[in-house]
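Let's take a friendly tour of a protein structure, one piece at a time. Keep the 3D view open and follow along.

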2 protein chains.
Amino acid sequence: MTDQAKMQTSTAIIVRNEAFLAEADRLKPELREKAVRPRQLVQIAADSTAVHGYRSKPVADAAELEERSFGRGESFILDFGDHRVGYLSFAIRTVGSPPDAPLKVKLTFGEMPVEVAVPFDTYDGWISSAWLQEETLFVDVMPHRVELPRRYSFRYVKVEVLATSQKYSVSFHDFACRTVTSADSGQVAPLRHADPVLEQLDRISIRTLEDCMQDVFEDGPKRDRRLWLGDLRLQALANYETFNQNDLVKRCLYLFAGVPDEKGRVSANLFIQPTVIADDTYLFDYSLFFTASLYDYFVATNDRQTLRELWPTAYRQVELALERVDETGILRDDESWWSFIDWNDQLNKQAPSQGVLLYTLKRAVQLAEAVGEPGIAAQLAETIATLTAATMRELWDSEQRFFVSGAQRQVSWAGQAWLALAEILPEADNRDLLLRLQAANPDVGMTTPYMVHHFVEALLIAGCKEEAIARMKAYWGQMAQDGADTFWELYDPQNKSFSPYGSPLINSYCHAWSCTPTYLIRRYGL
Amino acid sequence: MTDQAKMQTSTAIIVRNEAFLAEADRLKPELREKAVRPRQLVQIAADSTAVHGYRSKPVADAAELEERSFGRGESFILDFGDHRVGYLSFAIRTVGSPPDAPLKVKLTFGEMPVEVAVPFDTYDGWISSAWLQEETLFVDVMPHRVELPRRYSFRYVKVEVLATSQKYSVSFHDFACRTVTSADSGQVAPLRHADPVLEQLDRISIRTLEDCMQDVFEDGPKRDRRLWLGDLRLQALANYETFNQNDLVKRCLYLFAGVPDEKGRVSANLFIQPTVIADDTYLFDYSLFFTASLYDYFVATNDRQTLRELWPTAYRQVELALERVDETGILRDDESWWSFIDWNDQLNKQAPSQGVLLYTLKRAVQLAEAVGEPGIAAQLAETIATLTAATMRELWDSEQRFFVSGAQRQVSWAGQAWLALAEILPEADNRDLLLRLQAANPDVGMTTPYMVHHFVEALLIAGCKEEAIARMKAYWGQMAQDGADTFWELYDPQNKSFSPYGSPLINSYCHAWSCTPTYLIRRYGL
């Protein structure tokens, strides 16, 4: 996710736990590198049937590039055949007289065709244009091998020769992307599935997760390249079913626990460079996901040592969340960006956040028991009972037979999904709720794969396997048909150019929170 | 100079003399470095009385920069107080929340205010826009110290923040230019002159030469950064009167002698990186200047070993030049760029080139004698007599009392100046010729400091000291009044925005061939 809208900043005092940070440092993964060559020279053509209006068309094998030379104003586009995260290098030689002026060359990187078709200077969105991946280089001495120091996330590279001189042109060769990931694809058990669509979704999910697994679990290798708790939780779930690199999850948990604020609250996200810095964004749901993520980690690993060390941080998130519960047993709502849930301006956060709280409390009880705190476990169980009753009393609309949220009593998809995930209704009632939700299709819908994941998982725990598969195919399956090499941050099948940022140029097209089909398929045996 | 117009290219076969190149390599100078800080924050204001229409105005001490912070769309301009050649570095820190997006920042370097006032994308001249000094950087992790790897030639640096995010701005500090030169200013004897203008011209000349003295004598540190024979000859003359770093001259002579073509002809200029490469530009006058430069070097150093080794190359240039003399004893004229003389499309090159040939032959005779080749010396003396008679017979117009050039019998400043430098008329007649030239002021004038140098030196050898000083003051003195920190490649006091390239943005404002006032003042005791 990204926090650049509606951010709730504070002047939190960070209390560094150096022992936790040292443990995180010890768990720093090695990055695996691979040299990947471009496959084809392509043209990008306007095509109204394509997502964002552009489609790539092969024009020649990439090996033919070497035979061509380029003067001022000439350009070409390389296709690396799949989504890549890494460092680009290439060689330049000159054709004609000795180069009597520097070369000026512009590179534009695109995960999607639109990024190498629409000039970046048309972008006028509200998040930083510095995320748009481009470089303008001057090369003084040739022949020369260019080794770009920044990491890019791309499939396409456009190369534009902005200036040579009248006496020489240039030829490019030996393009390579040194890809990086901390994921070891050798660890993934192959999925042979009777349903080729599910097999495809599994494969794309794993590619997505792989490209987001770097020094930490990043949310997106193009943009924001950061460790977010909401993304981490889903990446960890997908990881347990695939790469099983649990030390990377452990590292990320220690990082979050290493820089809480003075109340003990964990940040919604961390910066890792130049040092570990807690962002000044705190979100109700994301803080609770520390606790949920520790639960998932413990279930996957049975690592009691980590549980013991991180339990106080996990329990502290629950305590802080409960401070927001009012005398009726319901979370106080407000207008600020206090809880994330989904990228949806219309969404009231109260009911879904109540769901997140109950979902987490149920896992916290189990952690308290595992860590040998029966008193806390009993107290949490009591709280669950109280809040469950309050939720049914205050948020359940028995006429509409939906949960409502906020003063306007909003009926949202997110509210139903999260209160289904909280499992406060019997399984059959949950099933009815979710099927009724699909039928009623209230206006306040889901805008991100992140939210769709939670709805699909709610269907699965309610036993609606067919509906879950249908939803996955309609959503991630359609995304795959629309050309996703890795799953996108944002996708609305009804409005395929949706961007909350003002332009699809800045969307991320390999995004951690979209990688969950592999988890859903493998965990629930779809 | 620059060769990018009207270039005469050929497919010459280069015959490398590895012993000469090894000797040149042995003479490679150490670069001296100095850390220079910016002096002031300035604004550039439009001002129709300023050269190119812009003037710099101080607004604050550079130390105040640190107190300021800059968001998207904000910028500042630093003044480093004088012309600098070197490597820029600076530090960036962020203000506000942790930086949640990269910083995009653009740097523009200017030797002159116009370069940081007029956007480079307005440039539409015919030589490469890649010479315009700018960089667009993305900084992913901050705080950060930026160390730019390219060398720039500048006094002003404009810094524009193109993108941050809504959550942070940036502050800049610790700007430094690590200047580089192979010149040792400790070697220069101070000039205390009664005339403050001549003292000023001497000082600016030395600064110009210093900034052009790098790994070789460069023509201009901004553009082309290359070793040209015409520039080398004048730099060497200025050097003998100032830095006296004669090994650098020697190195450059060995470099030219190291890569002749298969006929033994030396190129008009060399590229030094990635290896020594002779450019495919050959010019009648520039090849002869190898011989003239060796003569000057021998006079300055009495280095007989070098003379012996390089004499065959020097003599070969004379032999090749004489092949162009027709049966009347005059150089064959043609329309191509066969001889440089001056940046002037109207100029016919025949008469001035005849002057260059005779000028060089007279020095070649002395070299032949010094090297112990009396037979060659006698033969050259005979050639001089023949060509002198031919010149008077064919090119002297006794009615106009000027030398004429080409089929159109053009009377040019360059023709009179070079045939005066050739000293084929008695000194008194030379004096009359030059004074008559000043009075008649023919249309085909002088466009570069390079040509004005030759006219002033002609005045001096003809004994017109007052006129020489007056011309220097009217030309270089006016350039200094117009704000030259170092002397400019191009300057026409009547048309101050003259550029042969289509825009003054691309002119070089520290140019070797303009550094000769120090030589003229010191050598002729002005």
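## Salt bridges across the chain

With a relative accessibility of 37%, A:Arg178 counts as partly exposed. This is a predicted model, by the way. A:Arg178 pairs up with A:Glu33 in a salt bridge, and their closest N and O atoms are 2.9 Å apart. That pair ties together distant parts of the chain: A:Glu33 sits in strand 1 (residues 32-36) of chain A and A:Arg178 in strand 9 (residues 168-181) of chain A, 145 residues apart.

Now look for A:Glu23 and A:Lys250, another salt bridge, with 3.6 Å between the closest N and O atoms. Here helix 1 (residues 18-26) of chain A supplies A:Glu23, while helix 4 (residues 246-258) of chain A supplies A:Lys250, and the two are 227 residues apart. Why does A:Glu23 count as buried? Buried means under 20% relative accessible area, and A:Glu23 counts as buried because its relative accessibility is 18%. A:Lys250 is buried too, at 11%.

A:Lys222 and A:Glu115 also form a salt bridge, the closest N and O atoms being 2.8 Å apart. Both of these residues are buried. Over all chains, a search of the whole structure turns up 80 salt bridges.

## Where the two chains meet

How many residues does each chain bring to the contact? Chain B gives 46 and chain A gives 45. Between them, about 3,300 Å² of area is buried, and carbon and sulfur atoms give 54% of that. On the chain B side, B:Asp100, B:Phe138 and B:Lys167 lose the most area to chain A, together 18% of what that side buries.

There are 10 salt bridges between chain B and chain A. One to find is A:Lys167 with B:Asp279, at 3.6 Å from N to O.

Helix 10 of chain A covers residues 427-440.

Conventions:
Residues numbered from 1 in each chain as written. Chains lettered and ligands numbered in written order. Predicted model: local features only at pLDDT ≥ 70, side-chain atom pairs only at ≥ 80, totals over all residues. Heavy atoms only, no water. Helix = DSSP H or I, 4+ residues; strand = E, 2+ residues; numbered from the N terminus. Expected span 1.5 Å × (residues − 1). Contact = heavy atoms within 4.5 Å. Buried area = accessible area lost by both parts, 1.4 Å probe. Salt bridge = Lys/Arg side-chain N within 4 Å of Asp/Glu carboxyl O. Buried < 20%, exposed > 50% of the residue type's maximum accessible area, 1.4 Å probe, protein only.
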